[in-house]
Each structure stands twice: as C-alpha cells, then as structure tokens.
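I opened my notebook today to look around a protein model, one stop at a time. Here is what I wrote down along the way.

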Amino acid sequence: MLKSFIEVDSDSHFPIQNLPYGAYETEQGEIHLCSAIGEYIVDLFVLDEEGLFDGSELNNQYAFQDSSLNYFMSLGKPAWTEARNTLQSLLSADSKILRDNTLLRQRVLKKRDEVRLVMPVQIGNYTDFYSSEQHARNVGSMFRDPDNALLPNWKHLPVGYHGRASSIVLSETEIHRPKGQTTPNNSQQPVFGPSQKLDFELEMGFITGPGNKLGHSISVQEAEEHIFGLVLVNDWSARDIQKWEYQPLGPFLAKSWATSISPWIVTIEALEPFRTACPEQNPKPLDYLHQTNRSTFDIQLDVLLKTDNQNEPHRICSTNFKHLYWTMAQQLAHQTVAGCNVMPGDLYASGTISGNEDDSFGSMLEITWNGNNPLSLPSGEQRSFLEDGDEVIMSGFAQGNGFKVGFGEVTGRILPAIE
Ligand code: CA
C-alpha cells in the first residue's frame, strides 16, 4: 500500500490515496490552491512555483498559481492524472524532495486547523437533479398519491432544474433563515415572513472539467471524462415557500438563498477503487441515456444535527451515494443533449439522497413526514423542521482496506431571518 512520509491515521479522510483539491488563505492574505494529507494542507502554489509540476501536461501551465481550480479543471484528464501522480510521488515515503528539505516542507505543509479554507472554484452554473428514487417516491407519496408517487417522466430522464450559482457558499458559512410568501394552513391567501419549514437536503455534487461547445452535446459514454471530482452538498430548502411558488415552473426562491458545499473536491481517480453497481434501470432508458457498464461509487453519507441545547451532534440520517437511480454520466449527457454548454467549474448536484430505511432519509421533510412525526433528540427537544441556532453537519467517505477516502464535512448553522 502506498505510504506517505507524513503520518496519517487510518480514520483520517485524507490519506495519500485521496489528495483532494481545495484553496486556503495564506498569512499574507493571498488565495493559494492546496491539497490535504492527514492533519496538513499541501500548498500547490509553492510546489508549482518551485517547478515541481514539470510533466508534459502541466509544465509551463502555471495551473496551480491561479486562485481557483477552473483553469486546471479545463485542461482535462491527462493533466489531472499527471498532477495526481506528481503529488503522490512528492508525498510518498521514499521521495526525498519534500521529506528531506525542511525549508520547503515548512512552506508547503501547514496544519489544516490553522488555516482558513476558501472556495476553490468559480462556479458559473449550478444544476440540481432529483435522482434518488426513494426521495422522489417519498415526496410524491406525501404531496400527490402513494400509488403513483413517481411522475410518468421520472424513469425516462434525470429530472432537474437550473439552480442559483451566486448563493453557493463554503462549509461553515452561517445561513440566515429566508423570508418569502407562504400559505399557512392551506389558505389561498399568502402571508409574508420568515420560512417556518426550513430544511436541509443531503446531496453530492460533481464539478465539471473541459465541457462542450454551445449546440453540441456530451455523450453518456464520454461524460466521465468531463467530471473532475465530487463534493458534499447541503441544498438548503424552504418547504413552505416552495409549496406556494413551485407550480407551474418549478422551484424558485425556495431553493435560491443558499447551497453549502464541502471545501475539498475529491477526484474521480481517488474514488476509482470504490466503484460499485448501480440500481437496475427498468424501463431501459432511450439510447442517448443508455450507458454500457453503468457504475457508481460506494460512499457512506451521514447527517448530524446539533441544537443549542446539545453538547454533541446527533446522527439523524445514514445512507449511501450508490443508491442513486441515475448516474452522473447520465445526468451530464441529459444536461447537454439539447445543446446546452457545460463550463469548467459548473456544479451538478444529485438531488436529495435517501435510502430505503427510515433512518436513511436525507431531509427533514422525509424524516418527520412533513412535520407530522417530529424528530425526538437526546436533549429532549423535538424538531419538525430546523430552528434558529441548529447546525447541520454532513460527512461522507469511502472505506478502503486500512484507509478512508473522505470528503470531510459540510456544516452550516441557521441564524434568524434578517429584519
Ligand atoms: Ca435539491
């Protein structure tokens, strides 16, 4: 097994097998791209400046001297592979370049808990899908008809909508309760005020690489070449605003006010060892969505809730990325089939990920069945939806043999609505 000269605990999310991408603020206030290993971040700007990314794809590209990953992501898979191989080699136990150079090591390795992580990518476009069958069934049963929970299109295309990129924020950003129009007690007369049904949505998102030209499309077979890596996503939602506004054009303000992502982008290459089978698709989708050798990734996902009266966060959901009905490749093929252009740095989120068991639902809407079965917490408190002061913590990892490839966490705490 590949080992680093840096000690990494077997429970760490960031062994040498992971090497995700992020960004941090230096002591001088500059933004540097970085990776993570064990308790440390790895300053990629310094490594690039030292000429250590000198392979055929990255030499003289200065890809890690930018303040965002967009240019690096636009270079495509050969550059990504080269960067990963270079980093793994520089950090491996038998490479002297960093290991035996104290001065360089001090410039490159910083304690992760002593730096401020920042958004590593300029996200130009954001799409949110709806690809978990159990989630779609739960919502359809609650609001329409348990016997016809899925709409007729659901098994024929990955349902999605275009979200709002400007309000995507990094983990730990505090979230103000949104205000809007709602219709309490099924009235037809709206009132204006803070949302009373504030919810989280447990999702994962992928960030794209090169992309396609306007008018062209990305085929389902080549789609993964355009997927750089994955992040955890909390797609905050206001259920009461959504209920009144969403027909006929779909979600608008209910979903526009905040989406939180985890600070580390875990690459497809790091996730390769965790490929696993997808749920069978029946009926067979149309040819442009028909993917031979369909596969997904085995990624354990957890949601924890911490209220002001709890000392410890309490786990309220445990599920897995592998349950999704539509793959990322199918989502990207569908996104582009009409000719829409995908850009480097776009975010495509999965939709809420729910499993089959009661403790595997990825939103308060499902956990409490729209508030009808409030959640009891160890502190004695109950929750139908999120209250001011509540903190939602999502984490995810893939379990290897003696190591984890993890995403860290995406957290966010709810503050009162701004007056
Ligand atoms: Ca969503």
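Before the pockets, I noted a term: a pocket is an open set of grid points with protein on both sides within 12 Å along at least five of seven lines, and its lining residues have an atom within 4 Å of a point. I also reminded myself that this is a predicted model.

**Entry 1: the second largest pocket**

I looked up the lining and counted 15 residues, with Leu 117, Ser 171, Glu 172, Pro 263 and Trp 264 nearest the centre of the second largest pocket. Its volume came out at about 390 Å³. Which strand gives the most to this lining? I found that strand 26 does, with three residues. Strand 5 (116-118) also supplies at least two. By type, I sorted the lining into six nonpolar, three polar and six charged residues.

**Entry 2: the largest pocket**

Next I turned to the largest pocket, with a volume of about 800 Å³. I listed 31 lining residues, and Tyr 130, Val 139, Gln 242, Tyr 246 and Pro 251 are those nearest its centre. Strand 6, helix 6 (133-143), strand 7 (160-162) and helix 7 (239-245) each bring at least two residues to this lining. Helix 6 gives the most, with four. My tally by type for the largest pocket reads 16 nonpolar, eight polar and seven charged.

**Entry 3: the calcium ion**

Which residues are the protein donors of the calcium ion? I wrote down Asp 128 (OD), Glu 201 (OE), Glu 203 (OE) and Asp 235 (OD), at 2.2 to 2.3 Å from the ion. Along the chain, these donors follow the spacing D-x72-E-x1-E-x31-D. Asp 128 sits in strand 6 (residues 126-129), while Glu 201 is in the loop between strand 12 (198-199) and strand 13 (202-208), so this pair ties together parts that are 73 residues apart in sequence. Are Asp 128 and Glu 201 buried or exposed? I checked, and both are buried.

**Entry 4: the nonpolar cores**

Last, I looked at the largest nonpolar core, which has 58 residues. The members that touch the most others are Phe 200, Met 204, Leu 230, Trp 236, Ile 299, Phe 321 and Leu 386. Apart from this core I found another, of 44 residues, including Ile 6, Leu 19, Leu 90 and Ile 123.

Methods
Residues are numbered from 1 along each chain as its sequence is written. This is a predicted model: local features need pLDDT of at least 70, side-chain atom pairs count only at pLDDT 80 or more; totals for chains, interfaces and linings use all residues. Side-chain values use heavy atoms; hydrogens and water are left out. Donors are N, O and S atoms within 2.8 Å of the metal (3.2 Å for Na, K and Ca); water is not among the atoms, so sites may look incomplete. Buried means under 20% relative accessible area, exposed over 50%, partly exposed in between (1.4 Å probe, protein chains only). A nonpolar core is a set of buried Ala, Val, Leu, Ile, Met, Phe, Trp, Tyr and Cys residues joined through side-chain atoms within 4.5 Å. On a 1 Å grid over the protein atoms alone, a cavity is a set of points where a 1.4 Å probe fits but cannot get out, and a pocket is an open set with protein on both sides within 12 Å along at least five of seven lines; lining residues have an atom within 4 Å of a point. Grid points are joined across faces, edges and corners, and a volume is the space filled by probe spheres set on the points. Ala, Val, Leu, Ile, Met, Phe, Trp, Tyr, Cys and Pro count as nonpolar, Asp, Glu, Lys and Arg as charged, and the others, Gly among them, as polar.
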